[in-house]
Amino acid sequence: MEIFLKTVSALNDETRVLILRFLDKYGECCVCDLQDSLDMIQSRLSRHLKILKEAGFLRVERKGTWAYYSIRSPLDRFRTEALQEIKHLEIDLPVLKKSSQNGECKI
């Protein structure tokens, strides 16, 4: 029951829904790319990413000092259906701004 409540709670935030949609569209992104693309400060973004990871939506891969986030695979049916619903929402999705090059952040 605890993971179900974390999942539902994670979806109860417009910014986290935006992050999920963004990662679903663009795939794996470095934190610096997310920060630039979503125009967020690092501390705020990190908090949202942590909540989404704990709710079972995201995987994180460390490459050197940088963290790369993507949608976890495979997802269970509930999370998969939640992502499908998010795809149908009218979200003003920003374009991906790549700050990283060759696996290294420029920030």
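How exposed is Glu28, in terms of relative accessibility? Glu28 comes out at 32% relative accessibility, so it counts as partly exposed (buried means under 20% relative accessible area, exposed over 50%, partly exposed in between, with a 1.4 Å probe and protein chains only).

## Ground rules

This is a predicted model, so local features need pLDDT of at least 70 and side-chain atom pairs count only at pLDDT 80 or more, while totals for chains, interfaces and linings use all residues. Residues are numbered from 1 along each chain as its sequence is written, and side-chain values use heavy atoms, leaving out hydrogens and water.

## Salt bridges

Start with the charges. Side chains of opposite charge can pair when their charged atoms come close. With a salt bridge taken as a side-chain nitrogen of Lys or Arg within 4 Å of a carboxyl oxygen of Asp or Glu, the count comes to ten. Glu28 is in one of them, with Arg59, and the closest N and O atoms are 3.6 Å apart. That pair links distant parts of the chain: Arg59 belongs to strand β2 (residues 58-63), and Glu28 to the loop between α2 (14-26) and β1 (29-30), 31 residues apart. Helices (H or I, at least four residues) and strands (E, at least two) are DSSP runs, numbered from the N terminus. Arg59 is partly exposed, at 34%.

Arg59 also bridges to Glu61, at 3.0 Å between the closest N and O atoms, and Glu61 is partly exposed with a relative accessible area of 30%. A network of salt bridges links Glu28, Arg59, Glu61 and Lys63.

Over in helix α5 (residues 77-87), Glu81 and Arg77 are four residues apart, which means about one helical turn between them. Their side chains meet in a salt bridge, 3.9 Å from N to O. Arg77 is exposed at 66%, whereas Glu81 is partly exposed at 43%.

## The nonpolar core

In soluble globular proteins, nonpolar side chains tend to be buried together. Here the largest nonpolar core has 27 residues, and Leu34 and Leu58 have the most contacts inside it. Such a core is a set of buried Ala, Val, Leu, Ile, Met, Phe, Trp, Tyr and Cys residues joined through side-chain atoms within 4.5 Å. The elements giving two or more residues are α2, α3 (31-38), α4, β3 (66-71) and α5, and α2 gives the most, with six residues.

Setting aside neighbours within four places in sequence, Leu34 is in contact (heavy atoms within 4.5 Å) with several residues, including Phe22, Leu45 and Tyr69. Ile51, in helix α4 (residues 42-54), is buried at 19% relative accessibility. Ile51 touches Ala10 and Arg16, not counting residues up to four places away in sequence.

## Aromatic pairs

The whole structure has two aromatic pairs. Phe4 and Phe78 make a tilted one, 5.4 Å centre to centre with 45 degrees between the planes. Phe4 lies in helix α1 (residues 2-10) and Phe78 in helix α5, so this pair ties together parts 74 residues apart in sequence.

Rings of Phe, Tyr and Trp (its six-membered ring) pair if their centres lie within 6.5 Å, with planes under 30 degrees apart called stacked, over 60 edge-to-face and the rest tilted. Phe22 is buried at 0%, whereas Tyr26 is partly exposed at 26%.
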